[in-house]
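Here are a few friendly notes to read alongside the model. Please keep the sequence and the 3D view open as you go through the points.

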Amino acid sequence: MFWEEVKILIKYSLPVFGLVTHVFEHSIIMSSVISIGHISTVALAAATIGFMTANVTGLSVIQGMASALDTVLPSAWTSDQPQLVGLWTQRMTVLQLLVLIPISSIWLNAESLLLLLRQDPGVAKFAGVYLKWASLSLPAYSFNCISRRYFQSQGLFAVPARTIVFVAPINMILNYLLVWGPDSVRLGFIGAPIATSISYNLISIASVIYGLFFVEKTAWHPISTRCFTSLGVLAKLSVGSVGQVASEWWSWELVGRASHSVSLGPVSLATQSVLLSTNSCTYQAPFALGIATSVRIGNLLGEKNAKRAGVAANASILLSIALALFLSGILLTFRKTWGYMFNSDPEIVALVAAVLPLVALVQVCDDSGAVISGILRARGKQVCVTGSWTDMTLDSAYYCLGFPIGLWLAFEQDLRLYGLWWGLNIAILWQASISSYLCITTDWQKEVDKVIARLAVDKACQHQWADEEHAH
């Protein structure tokens with residue numbers, strides 16, 4: 001059973017989703033960073049601040065909310081009510097439309113916000129311009145996060161892969177043309193966020209076309225007023241999911257901002273941009289495995305197969321460890337030349353090579369954490385037990401342990417960027433240890449019972465709604 005689950009997880013994550021969907025989607029962001037990075041160090045610093053602000057105020061929230069679907073969609077698909085997949089998808093769309101309003105307002109007024117945070121006026125101006133144009137991608141980014149879960153819960157991992165493979169090369173061409181192309185089309189700095197916005201909207205269009213004409217409608221639920229029901233349940237899961245995703249995203253952005261003060265201003269910030277982008281890129285494969293894990297475990301819970309769900313969880317953790325060692329080896333092997341992919345400044349390249357071993361060390365626990373997060377999402381444990389010692393311990397990993405230690409090492413011990421990355425390593429090790437314990441001690445039969453109870457509520461609502469429609 002263990003090896004069968006290993007094969008299924010590899011089938012779900014590595015050939016299609018892990019190596020294609022997330023890597024190619026991440027190339028949309030990476031193309032923007034690389035194209036701007038070769039304009040100037042100041043341009044790269046401004047884009048970095050803009051992208052960090054986007055992560056903290058918007059993308060982490062959207063991605064976190066969408067990950068709540070990992071709890072409800074896979075188990076619904078393998079239950080006797082597969083149409084609930086479409087209904088929960090519609091409910092999440094309603095919630096995210098409401099959330100996009102304040103996010104858009106922040107992005108459109110980002111320059112003022114950054115000035116209040118005492119950011120350099122020149123950097124704040126360009127970062128504000130970056131976010132104004134990037135705001136065009138917000139609705140599409142939200143839709144893509146939701147639609148991907150809709151397809152994945154049905155085991156259709158190839159659908160997001162095919163759309164992203166179609167759009168990713170177009171995005172690279174757009175980045176080149178709009179940033180570095182002929183005078184008739186070249187826009188310079190703003191070309192990168194415009195290219196990104198166009199690409200995300202193309203992905204949305206391709207997903208709609210694929211869903212309408214090439215996928216069975218078994219999971220779809222007719223659009224009705226039921227999409228406004230059970231929003232409280234989904235909102236509660238979403239808050240926990242945002243906390244799970246954002247707490248980690250925000251900690252990385254805090255490290256990025258701190259590097260501006262720790263070392264040599266724009267040079268250090270540009271270096272940190274390379275390191276954070278590298279870590280984010282290598283994180284995509286274990287993140288994909290985490291998504292595959294949550295889908296697989298959710299499907300098994302919907303099938304009421306508690307024993308196999310536990311075996312799948314253990315198999316995913318061992319796979320994540322093997323993957324982490326492989327990725328760490330790549331970073332260590334190419335560390336001296338890695339920086340040239342992002343910038344040709346010798347000082348930046350040298351600093352990247354010096355700090356990259358610590359980034360490689362982060363992979364070991366961070367990659368396992370991505371998969372463990374997938375297991376917790378499948379269980380609906382984005383927030384384990386509100387107010388519990390466990391929650392406080394997990395939250396303290398970054399904000400009460402890793403980040404303060406990183407700052408102390410960076411400033412007091414004069415380790416600069418090295419100190420910040422040592423702090424992250426300590427935080428991730430602590431968090432991974434606690435999370436692993438939660439997964440190993442899971443009562444999987446109890447998790448099956450929770451899924452049955454949640455599905456029973458929707459079944460009762462379905463009967464009540466049908467009776468009301470019949471009466472009308």
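1. Helices here are DSSP runs of H or I with at least four residues, numbered from the N terminus. T163 belongs to one of them, helix α8. Please bear in mind that this is a predicted model, where local features need pLDDT of at least 70, side-chain atom pairs count only at pLDDT 80 or more, and totals for chains, interfaces and linings use all residues. Residues are numbered from 1 along each chain as its sequence is written, and side-chain values use heavy atoms, leaving out hydrogens and water.

2. Helix α8 covers residues 158-180, 23 residues in total. From first C-alpha to last it reaches 33 Å, close to the 33 Å expected at 1.5 Å a residue (1.5 Å times one less than the number of residues).

3. Is T163 buried or exposed? T163 is buried, with a relative accessible area of 5%; buried means under 20%, with a 1.4 Å probe and protein chains only. Other buried residues of α8 include I164, V167 and N171. Leaving aside residues up to four places away in sequence, T163 touches I203, A206 and S207 (heavy atoms within 4.5 Å).

4. Now for a helix pair. α13 (residues 346-378) packs against α15 (residues 417-440) at about 20°, with axes 9 Å apart; axes are lines fitted to C-alpha atoms over the stretch in contact, and angles run from 0 to 180 degrees between N-to-C directions. The two helices are therefore roughly parallel, a label for angles under 35 degrees.

5. Residues meeting across this pair include L351 and D366 in α13, and W421 and N425 in α15.

Conventions. Buried < 20%, exposed > 50% of the residue type's maximum accessible area, 1.4 Å probe, protein only. Parallel < 35°, antiparallel > 145°, perpendicular 65-115°, else oblique.
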